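Here is a short report for a reader new to this structure. Please look over the sequence and the model before reading on.

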There are 2 protein chains.
Amino acid sequence: MRYPNNLSKEYNSKVNYGNRGMNLEEDLNATNDYYLLTDKAIIHKKPTPITIVKVDYKSREDAVIKEAYFKTPSTTDYNGIYKGKYIDFEAKETTNTKFFPLRNIHHHQIEHLRKVILHGGIAFLIIRFSKLNQTYFIDGKNFIDFVDQGLRMSIPIEYMEKEGILIKEKFNPRIDYLKVIDDIYFKGGNHETN
Amino acid sequence: MRYPNNLSKEYNSKVNYGNRGMNLEEDLNATNDYYLLTDKAIIHKKPTPITIVKVDYKSREDAVIKEAYFKTPSTTDYNGIYKGKYIDFEAKETTNTKFFPLRNIHHHQIEHLRKVILHGGIAFLIIRFSKLNQTYFIDGKNFIDFVDQGLRMSIPIEYMEKEGILIKEKFNPRIDYLKVIDDIYFKGGNHETN
């Protein structure tokens, strides 16, 4: 499968972090840069997976990819380490105002999140309702439970409000999701609670 | 920077794991597949980072990348989780028989490994001397110490033999690097020693 919707990710390499109105990925990149610079965590977005078919070698150092296709990702987009723990999450934005459609998360991404939890990692989703200007943290265990119930094709906003945690946007870091992780997974410093 | 040498990574998506004579990346992919299937660890190779310049949309689902360039990676190629710990490593192959040239590891990859250790992760290198048919595990702390001494532009094979751990190739998993991690970081099951 190829998904042109992800293209903007690659085009926005030059980001003016001072500007408002950035998309979720830009906000998360700025947030992760802040975490990295302040030695709080090491969390990176993985490159978009592609299949390369044709490459021109103008010179030894100057290869140009002339034909390539987008691949379905087999894992989530973000991972890294925070307070010694493995962190893994997927981030999605929707223009929908009532629901987050589950088709936006691939089946093997769900299975990946499930495995991360089994192996003792911290797994979650960050979902932004762009028209509502709301960004939610959904813990991986809750998300997997929702999916496993198999009752709905989408997550209603009421579920987000009840089970998720609204992340208030700040200037820096813009989407302070590690604060949520502190509240859920770490209490009184470095001690885990789960 | 663009590095055409990494191309073979993308071309070898169909791998016959039964065959001998695979390159290090193929061996590691097979090893990681084995770890994943046996629920031992979740470790993936990150996609090759590229900058996309031009895309043709034949149809909504059928985007073709027509111009793209290889980017210098800002992190290592492999990461994931094992026994609840964050794992991060770089793998390199050399045809040299006496030395591993340090120019094969980018400066920001070294800084990344340094940060992973500071944050409590397990960082290391896997280096194969293909003509010697030898694959070594070098612990991240040792590697950083070697680099920080600033005495040499390459790691001599004598250092590998003394400070590294030779990984004997097996049928499955081919490059059982988690066994080395067990010996160094975990003793008596799940208890950490570092």
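## Terms and basis

Two strands pair if DSSP finds at least two bridges between them. Helices (H or I, at least four residues) and strands (E, at least two) are DSSP runs, numbered from the N terminus.

This is a predicted model, where local features need pLDDT of at least 70 and side-chain atom pairs count only at pLDDT 80 or more, while totals for chains, interfaces and linings use all residues. Residues are numbered from 1 along each chain as its sequence is written, chains are lettered from A and ligands numbered from 1 in the order in which they are written, and side-chain values use heavy atoms, with hydrogens and water left out.

## Confidence

pLDDT is the predictor's confidence in each residue, from 0 to 100. Chain A has a mean pLDDT of 88, with 85% of its residues at 70 or more. Residues 1-20 of chain A fall below 50; beyond near neighbours in sequence, this stretch has 51 contacts (heavy atoms within 4.5 Å) in the model. Residues 190-194 of chain A also stay under 50, with 11 contacts beyond four places in sequence. For the complex, the predictor gives an ipTM of 0.84 and a pTM of 0.85.

## Strand E7 of chain A

E7(A) spans residues 122-129, and eight of its eight residues are buried (under 20% relative accessible area, with exposed over 50% and partly exposed in between; 1.4 Å probe, protein chains only). In a regular strand the side chains alternate between the two faces of the sheet. Here Ile122(A), Phe124(A), Ile126(A) and Arg128(A) point one way. Ala123(A), Leu125(A), Ile127(A) and Phe129(A) point the other way.

E7(A) has paired strands. Strand E5 (residues 85-94) of chain A runs parallel to E7(A), joined by eight bridges. There Ala91(A) stands opposite Ile126(A). Strand E8 (residues 134-139) of chain A runs antiparallel to E7(A), with six bridges. Leu125(A) has Ile138(A) as its bridge partner in E8(A). The hairpin of E7(A) and E8(A) has four residues between the strands, and Asn133(A) takes a positive phi near 55°.

## Helix H3 of chain B

Which residues of H3(B) are buried? They are Gln109(B), Ile110(B), His112(B), Leu113(B) and Val116(B). They lie on the same side of H3(B), because they cover an arc of only 160° around the axis (taken from the directions from the helix axis to the C-beta atoms). Exposed His107(B) and Leu118(B) sit on the face turned away from that buried side.

The buried residues pack against both chains: strands E1 (41-45) and E4 (78-82) of chain A, and strands E5 (85-94) and E7 (122-129) and helix H4 (140-149) of chain B. After H3(B) comes Gly120(B), with a positive phi near 90°.
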